[in-house]
Amino acid sequence: MKFKAALQSLQTYEAGKPIELVVREFGISANEVIKLASNENPHGCSKKVQQCVAQKLASMHLYPDDSFYQLKEALGAKHKVDTSQIIIGAGSDQIIEFAIHAKCAKNDGILMAGVTFAMYEIYGRIAEAKIIRTKSSTHNLSEFTELYKQHSPSIIFLCVPNNPLGESLKVSDIQTFLKQINKECLVVIDGAYQEYATFKDEEMRISVAEFIRDFPNVLYLGTFSKVYGLGGMRVGYGIAQQEIIQTLYKLRPPFNITTLSLVAAIEALKDEEFIKYSLQDCFTQMKQYEDFCRQRGIRYIPSFANFITLFLDGLGDSTTLAQKMLEKGVIIRNLASYGLNAVRITIGTKEQNQRALSLMSALL
Ligand SMILES: *Cc1c(COP(=O)(O)O)cnc(C)c1O
């Protein structure tokens, strides 16, 4: 059967390997497998969220409130924006998809960093857009500006902090950059790890309300999959001026998150203690990896997110390292598919990190 040409050369996105696969393939029991490959919160989610979801189980035959009223109210209060400026997605992945389909016709340009979140390119290629990347792998805003002038793209993606490299951008630099961008160009600011960045450094804090007021072409994305610990629930959101949100709404299927996900996200926003603890512990634990790298002369980029990326340079091959660790029950992310001899490791609990590090130490 013939399918559309854009799909022929498209590789299927490879998500972080699931624990079940390691159990099946290597016969390791599930509670001994450590997954440090998908940037999930190693502390799980708030206990209060679990209780509220449990109480809601008997309602799963009912569709959720499709206006997502309560969740939007809570997000509106958190970000100081009106509920009409918010759209909810099945993960922020879904909003990325809406944004690209809303903006890109065939051969329209999408500008992004040299190495960044893979879904921008995947949805872009499905829409037959032209993918434009900076030469620098991390976000270099002067290169972005140059390429913007050269190609006038329809969309620009800024992933701050950037997955999978971990660097971030100062708010003042983003603002300076945005001033040069024509209001016809949609700038998506993917804030999947913003909570981590602002915890580490106040200069990284993006005030969403200010941004969408000053720059009507900005779409901000947030997610419940990372620090909120709800990756399995699939809830994300987009915030922008009404004109953008109303257009994205035309692409949204009804009931795009579940009744249980909706309860979980609403509750998750209430438990600030859990978030604070998760953020604190992440950066405390990250020191173990940084010390390990310094002691062994392993190159890494200081990370503003809940993972750290190690460049193996002359120390071996990332595919081999990831495979050997997998066989011992520790799942990490090999970045060979991004053209890097590097691995990305999600910061786990203290015990998980110790196991990952002692294993790496033996293998490198
Ligand atoms: C995890 C992630 C997302 C969104 O994840 P969802 O689970 O779909 O909400 C978006 N952007 C980046 C950069 C991410 O790392």
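Strand S2 (residues 86–89) and strand S8 pair in the antiparallel sense, and four bridges join them. The structure is a predicted model.

**Strand S8 and its partners**

- Strand S7 (residues 218–223) also pairs with S8 in the antiparallel sense, over four bridges.
- Tyr237 of S8 is the bridge partner of Ile88.

**Burial of strand S8**

- Strand S8 spans residues 236–239, and both of its faces are covered.
- On one side, Gly236 and Gly238 are buried.

**Crossing of helices H5 and H6**

- Helix H5 comprises residues 92–103 and helix H6 comprises residues 118–126.
- The axes of H5 and H6 come within 9 Å and cross at roughly 40°.
- An angle between 35 and 65 degrees counts as oblique, and H5 and H6 are therefore oblique to each other.
- The crossing in which H5 passes H6 is right-handed.

**Residues in the helix contact**

- From H5, the contact is made by Asp93, Ile96, Glu97, Ile100 and His101.
- From H6, the contact is made by Met119, Tyr120, Tyr123, Gly124 and Ile126.
- Sorted by class, the contact of H5 with H6 has six nonpolar residues, two polar residues and two charged residues.

Conventions. Residues are numbered from 1 along each chain as its sequence is written. This is a predicted model: local features need pLDDT of at least 70, side-chain atom pairs count only at pLDDT 80 or more; totals for chains, interfaces and linings use all residues. Side-chain values use heavy atoms; hydrogens and water are left out. Axes are lines fitted to C-alpha atoms, for helices over the stretch in contact, and angles run from 0 to 180 degrees between N-to-C directions. Helices (H or I, at least four residues) and strands (E, at least two) are DSSP runs, numbered from the N terminus. Angles under 35 degrees count as roughly parallel, over 145 as roughly antiparallel, 65 to 115 as roughly perpendicular and the rest as oblique. A crossing is left-handed if the near helix is turned anticlockwise from the far one by less than a right angle, and right-handed if clockwise. Contact means heavy atoms within 4.5 Å. Ala, Val, Leu, Ile, Met, Phe, Trp, Tyr, Cys and Pro count as nonpolar, Asp, Glu, Lys and Arg as charged, and the others, Gly among them, as polar. Buried means under 20% relative accessible area, exposed over 50%, partly exposed in between (1.4 Å probe, protein chains only). Two strands pair if DSSP finds at least two bridges between them.
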